[in-house]
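Dear colleague,

I am passing on the structure below, together with some notes on what turned up when I went through it. Please read the notes with the coordinates open beside them.

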Amino acid sequence: MNNEFLNDVENIIEHKAHRYGEPTMFFKKLSRLWSLMLDIEINEHDVVNMFIQMKLLRLQNNPNHLDTQKDIVGYTTIQNMLTNDKIE
């Protein structure tokens, strides 16, 4: 991965944070909503993993789609943020 690719991912995360809220809080809230909807416990890590799985499926259909590749790296970065949030 080159620096431009990683900078793009960082910019996407920041842009979406301004639009939808800070990523760790967003995925925590979404996990609570999905838990209520499905009547099973889903945590924020599960939700991020499901988003990654969706993007991986899309990548199978179009392996060269850079936006999807960036989304996967972005969700992996958010997964790391969630993990670090629990450690601190």
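A word on burial before anything else: a residue is called buried when its relative accessible area is under 20%, exposed when it is over 50%, and partly exposed in between, with a 1.4 Å probe and protein chains only. Please keep in mind that this is a predicted model, in which local features need pLDDT of at least 70 and side-chain atom pairs count only at pLDDT 80 or more, while totals for chains, interfaces and linings use all residues. Residues are numbered from 1 along each chain as its sequence is written, and side-chain values use heavy atoms, with hydrogens and water left out.

Overall picture

The protein contains four helices and zero strands, in the order α-α-α-α along the sequence; helices (H or I, at least four residues) and strands (E, at least two) are DSSP runs, numbered from the N terminus. Its C-alpha trace spans about 40 × 30 × 25 Å along the principal axes, and 32% of the 88 residues count as buried. The accessible surface comes to about 6,300 Å², with 54% of it belonging to carbon and sulfur atoms; these areas come from the Shrake-Rupley method with a 1.4 Å probe, and for residues only the protein chains shown count as cover. If contact is taken to mean heavy atoms within 4.5 Å, then among contacts between residues at least 6 apart in sequence, 54% join residues at least 24 apart.

As for charge, there are 9 positive and 13 negative side chains, and the centres of the two sets lie 5 Å apart. Here Lys and Arg count as positive and Asp and Glu as negative, with His and the chain ends not counted, and each charge is placed at NZ of Lys, CZ of Arg, CG of Asp or CD of Glu.

The aromatic cluster

The structure holds five aromatic pairs, where rings of Phe, Tyr and Trp (its six-membered ring) pair if their centres lie within 6.5 Å, and where planes under 30 degrees apart count as stacked, over 60 as edge-to-face and the rest as tilted. One of these pairs is formed by F27 and F51, which are edge-to-face at 5.3 Å centre to centre with 80° between the planes. That pair links distant parts of the chain, since F27 is in helix α2 and F51 is in helix α3 (residues 44–61), 24 residues apart. F27 is buried, because its relative accessible area is 4%, and F51 counts as buried because its relative accessibility is 18%.

F27 also forms an edge-to-face pair with Y75, at 6.2 Å centre to centre and 90° between the planes. This pair likewise links distant parts of the chain, with F27 in helix α2 and Y75 in helix α4 (residues 66–87), 48 residues apart. Both F27 and Y75 are buried, and ring pairs join F26, F27, W34, F51 and Y75 into a cluster.

K55 and its partners

K55 lies in helix α3 and is buried, because its relative accessible area is 8%. Its side chain makes a polar contact with the side chain of D71 at 2.7 Å, a polar contact being a pair of N or O atoms within 3.5 Å; within protein, one must be able to donate a hydrogen and the other to accept it, and residues adjacent in sequence count only if both atoms are side-chain atoms. Leaving aside neighbours within four places in sequence, K55 is in contact with T68, D71, I72 and Y75, and Y75 is also a member of the ring cluster.

S35 lies in helix α2 (residues 23–38) and is buried, because its relative accessible area is 12%. A polar atom of the S35 side chain lies 2.8 Å from the backbone nitrogen of I42, and, leaving aside neighbours within four places in sequence, S35 is in contact with I40, E41 and I42. D39 lies in the loop between α2 and α3 and counts as exposed, because its relative accessibility is 69%. Phi of D39 is near 60°, a positive value in a residue other than glycine.

Two further positions

H15, in helix α1 (residues 3–20), is partly exposed because its relative accessible area is 44%. D85 is in helix α4, and its C-alpha atom is separated by 8.1 Å from that of T24, 61 residues away along the chain.
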